[in-house]
Amino acid sequence: MTLCYESTPKTLEARYPHLTCYALHINSCIVFTQSFRPEGSTEMSKKSTSTAKNMDTEKSLHHNGFQKSEFKVPPRMSLASMQIFLRKNAFVIFTVAAVFAGVLLGYTLRSWSLTPAYIQIVSFPGEIFMRMLQMMVLPLVVSSLITGISSLDNNAGRMGVQALIYYILTTFLAVFTGIIVVMALQPGKKGRTSLAPIDGGFNNSVQTTDAFLDLIRNMFPANLVEACFQQYKTTYVARNGILVPAPGSTRGVNALGLVVFSMAFGFMLGRMAGQGRPLRRFFASLNETIMQLVGMVVWCTPVGILFLIAGKMCEMEDAGQMGSPLLWYMLCVVLGLLSHGLLVLPLLYFLVTRRNPYRFMAGLQPALLTALGTASSSASLPITFHCLEENNGVDRRVARFMLPVGATVNMDGTALYEAVAAIFIAQIADMELGFVKVISISITATAASIGAAGIPQAGLVTMVIVLTSVGLPTDHISLILAVDWLLDRLRTMVNVLGDSMGVGIVEHLSRRELQRLDSSDAGTSDTEGALNSHQSVSRHSALVQSGESSV
């Protein structure tokens, strides 16, 4: 209901006599200001006079206890608003500028023909940045998973099923997109005589069956402390002239085993109700502390990305010496990644949520640029948390539950890359792939991408599984090593984008359960507060009675 001076009852004027003077003063000021306006704006002046008159009167009535009507001030661009915009988007601007500056610096230093020692010095700030990110990955994964699953309580099972369906669906779509692109362009048949495998470029050390068994073994580590820096890997020992598989290990965080343990630990912690509340608070505090550290490290991203890209540009081979098939192979992978990242994933997000997917992607720019610079979805995990929670306003419980799992098992870009590379190697080797072998490549690439670690060039390791599943020569992997450093960064961007899109989709599907959980938590906290107050009153009464009895 809108109140103005003309419609004010006489009883109101009698009760608040100062309103009449205040409204007349405002009207006189408006008329005085209107006399200095141009002649062509008379009609607009009348409208603004009545609007200002009503607005000021409403303000005066609001200060005296009456309801204030809604009023929207039209936006105006000014220097202050521009400064606010630049301050709000400074990180994105600096990061994008760092990417272009890194490319420019790298091309400039390439003309100097730097030695490996000097290239290492150029990459040193980027190496420190990578170490800072990797330092926080382990506590962030463990604390975020335990906190997220324990807070979801019984809803974790349903949310986990939704996340699993999304991971499998998007991975199959990525593989299907890559197969369509590589079968249409046929990159391996364009001047293939100019390429030859490089001896010693890649070592096929693990068979397909043992690779899948190692994946399952790493899901259940025998020692949690050892899983923080070591993974299980089958080695081969010669016995009586026969290679026999033997237990072995390799350096690196066993993220899959830590994820499985953290999920089970958080699920049981959530079922313990009051007994597990102190431990839940501990992990929640640990997670918040890590996120505060992430907020500090985030501002080192532009400097780290600049020198990482510059160092890789110095190591890059001449594009003119790569050969036509390799350039066409790069085109296929890039085209497939762009199609999946800019068309397939946004379309799936829009069909489920009915929201603008590109606005959601705009909030992920820092995380995507970090993935481009680091080529590691695990190293990008802290900044991805920051972007989803701060920029896109995603529920923290969903982000803490899905992001660590997605960074470990959801590799859309890696699956697409492996499918394209396998068919490209078959074309190079003049091997015809039938429908059954193409289907086998798609299934194997999907399964192998789950076991790919979130570290740079992890796709080359799982590539052996895909090639051996259809009988392709594994020594041809050395053909793609020259361009893998660039494609690795691009597919990592798609991996991070797929994980983030999945968080947004699952949060939309689980919004009712989350609201119900919030309401139940609020009721529980009110009940606990009432019980605590009742207990304090009881203790006070007991003290009073004991004092009276002593007297």
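Biologist: Which helix supplies the largest share of the nonpolar patch?

Modeller: This is a predicted model, in which local features need pLDDT of at least 70, side-chain atom pairs count only at pLDDT 80 or more, and totals for chains, interfaces and linings use all residues. Residues are numbered from 1 along each chain as its sequence is written, and side-chain values use heavy atoms, with hydrogens and water left out. Patches are made of residues with over 30% relative accessible area and no salt bridge, nonpolar side chains (Val, Leu, Ile, Met, Phe, Trp, Tyr) being joined within 5 Å and like charges within 9 Å; a salt bridge puts a side-chain nitrogen of Lys or Arg within 4 Å of a carboxyl oxygen of Asp or Glu. Here the largest share, 4 residues, comes from α20, and α8 (155-185) and α20 (435-450) each supply at least two. Helices are DSSP runs of H or I with at least four residues, numbered from the N terminus.

Biologist: Which residues form the nonpolar patch on the surface?

Modeller: L164, I168, F172, F435, V436, I439 and I443 form this patch, with about 700 Å² of accessible area together, by the Shrake-Rupley method with a 1.4 Å probe.

Biologist: Why does I168 count as partly exposed?

Modeller: Buried means under 20% relative accessible area, exposed over 50%, and partly exposed in between (1.4 Å probe, protein chains only). I168 counts as partly exposed because its relative accessibility is 40%.

Biologist: Is I149 buried or exposed?

Modeller: I149, in helix α7 (residues 124-152), is buried, because its relative accessible area is 3%.
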